[in-house]
Amino acid sequence: MNQPRIYLDHAATTPVLAEARAAMIAGIERWANPSSPHSDGRAARAALEEARRQIAGALNWDGEVILTSGASEAISLAMLAGKADGWIVNPTEHDAVQRLTARIPAGRSLMRLAVDLDGQLVMASLARALETCGGRPMVVVQSVNSETGVIQDNAAITAMARDGGALSLCDASQSAGKLPLPDADMIVVSAHKLGGPPGIGALLVRDLGLLEPPGGQEKGYRGGTENVPAAMGFAAALTHARYWTDRAADLRHQLDSAIRGAGGEVVAQNAPRLPSIGSYRMPGMAANAQLIQFDLAGVSVSAGSACSSGTLKTSAVLTAMGWDEKAAGEVVRVSFGPSTTRAHVYRFIELWRDMAARAKR
């Protein structure tokens, strides 16, 4: 009999919680356009605004909540509509940020920061950037890296940004629902990383005056008919979040120890990391070969973030951390969720040891 598959790629997306599915089904009954003035539209609007209120409450957020199609759109809205004269960007940001910085809008500047060998921001590079960047820049630093799990010191980063007259944008897609929200002027969250449906996220904004409204729905900050069922599912996922990170920390500790003991390398092992994410190098075997073998054995893992792992490019995150192309190309990511068990981790370790032994021959 075939063994059930083991899913260890929760950082890419995590299964939708039963409560979120039920909320979405209820949301489908609110089928009317929430911008319509009639009673059907007003009922849909009421459901949407209640979901927005629940999202803010679950995250302990007292600012504005702009609902988007996901984290990538929220990042784009913040960076392109934010009232900033330039961007100061962490080099290990998500691919959604890197794509935006590849084409700098007219009239804006771009400065890139530096990270150390463990992926943490070098604060001296931020101080230098704030001193030399003219106008009011936007400092873009995520709370948790999606590939390595490294946690940045966003409280210190935002304090330095504010002292330097800059805005702060923090992508909290990986940390929201697992860690307290970071202190920032704008924060990005994503539903499908925490048990909600795909296709919805939010930009949390301290003050809407920090953004230039492009027009459309969401108080003029985002065009398109609002997705009421998805918003309700998002709210339900946050409201019914399960506390499992302590268990994840124990599982990840066991996995780290086993990988080191088998001759592997733990990425950013000296940095504070989200307990549910770990990245590991298997010397002598390319990541793509590892992924194929794990998949054939019934285990789902990934290499890099889901938005870029379909390519064969070297990880920009690992490159920024000083990894050479060969070593970076031998790293896979393992990420846990509420359903991850000790047996799942033991099975992964068993497979990893066997593959690593073959790679040494």
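Which residue in β12 does G278 stand opposite? It's V334, and I'll come back to that strand pair in a minute.

Quick housekeeping. What we have is a predicted model, where local features need pLDDT of at least 70, side-chain atom pairs count only at pLDDT 80 or more, and totals for chains, interfaces and linings use all residues. Residues are numbered from 1 along each chain as its sequence is written, and side-chain values use heavy atoms, with hydrogens and water left out.

Okay, the overall layout. The protein chain splits into domain 1, made of 6-14 + 242-360, and domain 2, which is 18-239; those bounds come from an automatic or database domain assignment. Their C-alpha centres are 27 Å apart.

So, how do the two domains meet? On the domain 1 side, 29 residues are in contact with 26 residues of domain 2, contact being heavy atoms within 4.5 Å. About 2300 Å² is buried between the domains, and carbon and sulfur atoms give 56% of that. Buried area here is the accessible area (1.4 Å probe) that two parts lose on being put together, summed over both. L274, V317 and M321 supply 24% of what domain 1 buries against domain 2, more than any other three residues.

K219 sits in the loop between β8 (201-205) and α7 (228-239), while E64 is in strand β2 (residues 64-68), 155 residues apart. Helices (H or I, at least four residues) and strands (E, at least two) are DSSP runs, by the way, numbered from the N terminus.

Now, back to that strand pair. β9, β10 and β12 form an open three-stranded sheet, in the order β9-β10-β12, with antiparallel pairing. β9 (265-266) and β12 (331-335) are the edge strands with a single partner each, so one side of each has no neighbour in the sheet. In general, strands of a sheet pair through backbone hydrogen bonds, either parallel or antiparallel.

And that's where G278 faces V334. Thanks, everyone!

Notes:
Two strands pair if DSSP finds at least two bridges between them.
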